[in-house]
Amino acid sequence: MSTRDLIARDTAHLIHPLHSTVAQQGARVWVKGEGALLTDADGHEYIDGLAGLWNVLAGHGRRELAEAARAQCETLAYASGYTGSSNERAIELAEHLAGLTYSSINRFFFTSGGGEATESSIKMARAYWKLRGRADKTKVISRIEGYHGVTLAAMSATGLSAYWPLFEPRVPGFVHIPSPYPYRYDAPPGVSQGIAAANELEQAILREGADTVAMFLAEPVQGAGGVIVPQDDYFSRIREICDQYDVLLVADEVITAFGRTGTLFALDHWHIEPDIVQFAKAITSGYIPFGGIGISDTIASTLDDDGRAWMHAHTYSAHPVGCAVAIRNLRIIEDEDLPGQCADKGTRLLASLRTALGDHPHVGDIRGKGLMCAVELVADRSTKESFPAGDKVGPRVLQETARLGLFSRIKADTYVLAPPAVITDDQLDRTVEILSDAIRTVLG
Ligand SMILES: Cc1ncc(COP(=O)(O)O)c(C=O)c1O
């Protein structure tokens with residue numbers, strides 16, 4: 001059946017994430033994936049420039065993962081993960097993660113995805129402070145441009161305001177500070193950009209009152225906000241501030257965990273550890289919905305010692321099939337050194353983007369960390385002024401890249417790239433070629 005016919009049926013009965021019936025008219029209907037390539041219902045092939053939604057790290061068509069899911073379905077497809085039950089795969093996965101994640105993080109709660117991971121870390125942080133007799137520490141500070149999912153509390157933590165209007169009021173007690181956006185953050189004289197941006201956290205804590213703040217939530221490298229890579233001095237100052245004011249540092253590694261930025265976990269780049277880490281996406285390379293949080297030994301022992309129940313739960317927490325796929329996928333990540341591949345291929349991608357587009361008068365910034373890159377288009381390079389939204393520069397570039405065989409996403413006029421770690425060098429070169437052709441077609 002052709003894409004046209006499928007879309008007619010689609011719009012009759014489906015509501016999509018970020019639903020827009022008008023935009024859905026130009027949708028592709030995907031029928032197959034292999035490595036870094038996707039095929040649509042009309043038989044056209046595309047480079048999967050965003051590895052699905054940043055998640056298909058190991059690439060499409062991995063039979064090992066299908067086999068792991070099949071074997072677990074046959075043995076035990078489902079059993080409750082609620083207290084009073086457990087399953088072998090969940091035990092095995094948690095044990096394995098304890099060896100892989102930050103050294104102070106050794107206990108895990110599993111979810112079905114990233115938004116649930118955000119909800120879980122907020123509820124873990126609030127519970128932690130209550131159990132320690134500091135019940136007023138409930139507020140969540142996060143960042144403008146940050147993305148943490150769209151369930152109501154996660155949406156309130158998300159700092160991309162386009163996600164709010166139809167669903168307000170937001171949950172109270174959520175505060176946003178600016179991102180350490182190297183291309184756009186204005187630091188006062190005499191202070192490095194990274195330190196100044198981190199000090200925004202201290203100012204917010206002091207404004208709100210340290211006794212009311214539970215946690216600071218941050219993606220080590222911001223993804224949906226347009227691949228914002230922090231300065232090297234940012235996170236160590238953040239850790240210092242969190243320690244000084246008794247604020248938990250929660251790393252939202254839903255995109256960055258398991259290798260995307262070139263290290264297994266992204267705060268390793270800056271040699272600091274969070275109190276809670278959130279993960280999802282690449283833990284199963286997207287083959288099955290899965291996510292979770294890891295908590296520090298201090299938080300875990302507070303929970304253990306108190307003995308009161310943490311009344312937070314999902315039917316699909318610690319799903320045996322999700323755990324089995326995650327275990328097998330982690331083996332691929334380690335055996336094939338996907339973090340190393342992301343580091344090497346990311347360096348190649350960034351260098352090629354700079355060669356191809358560095359001199360273009362409307363390319364304001366080319367940035368990235370590991371295999372997570374972005375090209376930000378601007379009306380005026382000298383002032384960094386953005387194009388008027390009505391010009392739809394980003395959407396037109398996006399449409400042109402899709403026409404040429406590259407499928408990804410934009411944040412306004414920033415084109416983001418995060419292909420599967422298994423992408424070939426030829427496919428990487430073709431990615432750059434298509435993006436620069438598309439930019440030249442739209443902007444000259
Ligand atoms: C950093 C981050 N956190 C949380 C989420 C939400 O995850 P999910 O869409 O699985 O709910 C995302 C999704 O893109 C994300 O990028």
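The buried residues of helix α5 are Arg 89, Ala 90, Leu 93 and Leu 97; a residue is buried if 20 or more other C-beta atoms, placed from the backbone, lie within 10 Å of its own, exposed if 12 or fewer, and partly exposed in between. They cover an arc of only 95° around the axis, which puts them on the same side of α5; the arc is that of the directions from the helix axis to the C-beta atoms. An α-helix has 3.6 residues a turn, so residues three or four places apart point the same way. Turned away from the buried side of α5 is a face with the exposed residues Ile 91, Glu 95 and Gly 99.

This is a predicted model, in which local features need pLDDT of at least 70 and side-chain atom pairs count only at pLDDT 80 or more, while totals for chains, interfaces and linings use all residues. Numbering starts from 1 along each chain as its sequence is written. Helices (H or I, at least four residues) and strands (E, at least two) are DSSP runs, numbered from the N terminus.

Packing partners of the buried residues of α5 are α4 (63-76), β4 (105-111), β10 (291-296) and α11 (320-335), where contact requires C-beta atoms, placed from the backbone, within 7 Å.

Just after α13, Gly 405 takes a positive phi of about 105°.

The spans of both helices follow; the expected value is 1.5 Å times one less than the number of residues.

| Helix | Residues | End-to-end C-alpha distance | Expected span |
|---|---|---|---|
| α13 (393-404) | 12 residues | 17 Å | 16 Å |

The domain assignment, automatic or from a database, gives domain 1 (3-58 + 337-443) and domain 2 (64-335). Their contact takes 28 residues from domain 1 and 24 residues from domain 2. On the domain 1 side, α12 (338-357) is among the elements that give two or more residues, and the largest share, 5 residues, comes from α12.

Around the ligand there are 15 residues, of which Gly 113, Gly 114, Gly 115, Gly 149 and Val 254 come nearest; a residue counts as near if its C-beta atom, placed from the backbone, lies within 6 Å. Helix α6 (residues 114-131) gives the largest share of this shell, 3 residues.

Key:
Contact = placed C-beta atoms within 7 Å.
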